[in-house]
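Morning, everyone. Please have the sequence and the structure open while I talk.

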Amino acid sequence: LGHTLPYLVPNALPHAFLIATAISGAVVFVELWVIAWVRSHYMDTPFLQAVFQIVLGGIIVLAAGILIGAA
């Protein structure tokens, strides 16, 4: 949910879409980092393995979103 909130930035600002996209990218990075930390800390998954799994899952979700959005 946190990565959708930046798109509420008013369109009156110059480059509002680019600003919202940059903020969303940073929020997604933090969200994925926290998920990887939780997996490594509470689920006994090695941290780099957790990061790899989370990044791979994020890439799959991004690709699905692009394919659905292009349809």
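Helices here are DSSP runs of H or I with at least four residues, strands are runs of E with at least two, and both are numbered from the N terminus. This is a predicted model, where local features need pLDDT of at least 70, side-chain atom pairs count only at pLDDT 80 or more, and totals for chains, interfaces and linings use all residues. Residues are numbered from 1 along each chain as its sequence is written, and side-chain values use heavy atoms, with hydrogens and water left out.

Gly2 lies in the segment before H1. Gly2 is partly exposed, at 30% relative accessible area. Buried means under 20%, exposed over 50%, and partly exposed in between, with a 1.4 Å probe and protein chains only. Gly2 and Val61 are 59 residues apart along the chain, and their C-alpha atoms are separated by 16 Å.

Next, the helices. H1 covers residues 16-42. H2 covers residues 47-70. How do their axes cross? They come within 8 Å, at roughly 135°. That makes H1 oblique to H2. On this scale, under 35 degrees is roughly parallel, over 145 roughly antiparallel, 65 to 115 roughly perpendicular, and the rest oblique. Axes are lines fitted to C-alpha atoms over the stretch in contact, with angles from 0 to 180 degrees between N-to-C directions.

Now the surface of H1. Val34 is found in this helix. Val34 is partly exposed, at 44%. Together with Phe29, Val30 and Trp33, Val34 forms a nonpolar surface patch of about 410 Å² accessible area. Nonpolar side chains are joined within 5 Å, like charges within 9 Å.

On to the loop between H1 and H2. Asp44 is found there. Asp44 is exposed, at 70% relative accessibility. Most residues other than glycine have a negative phi. Asp44 has a positive one, about 55°.

Last stop, Phe47 in H2. Phe47 is partly exposed, at 28%. The C-alpha atoms of Phe47 and Leu8 are separated by 34 Å.

Note on methods
Patch = residues over 30% accessible without salt bridge, like charges linked within 9 Å, V, L, I, M, F, W, Y side chains within 5 Å. Areas by Shrake-Rupley, 256 points an atom, 1.4 Å probe, with all protein chains shown as cover. Salt bridge = Lys/Arg side-chain N within 4 Å of Asp/Glu carboxyl O.
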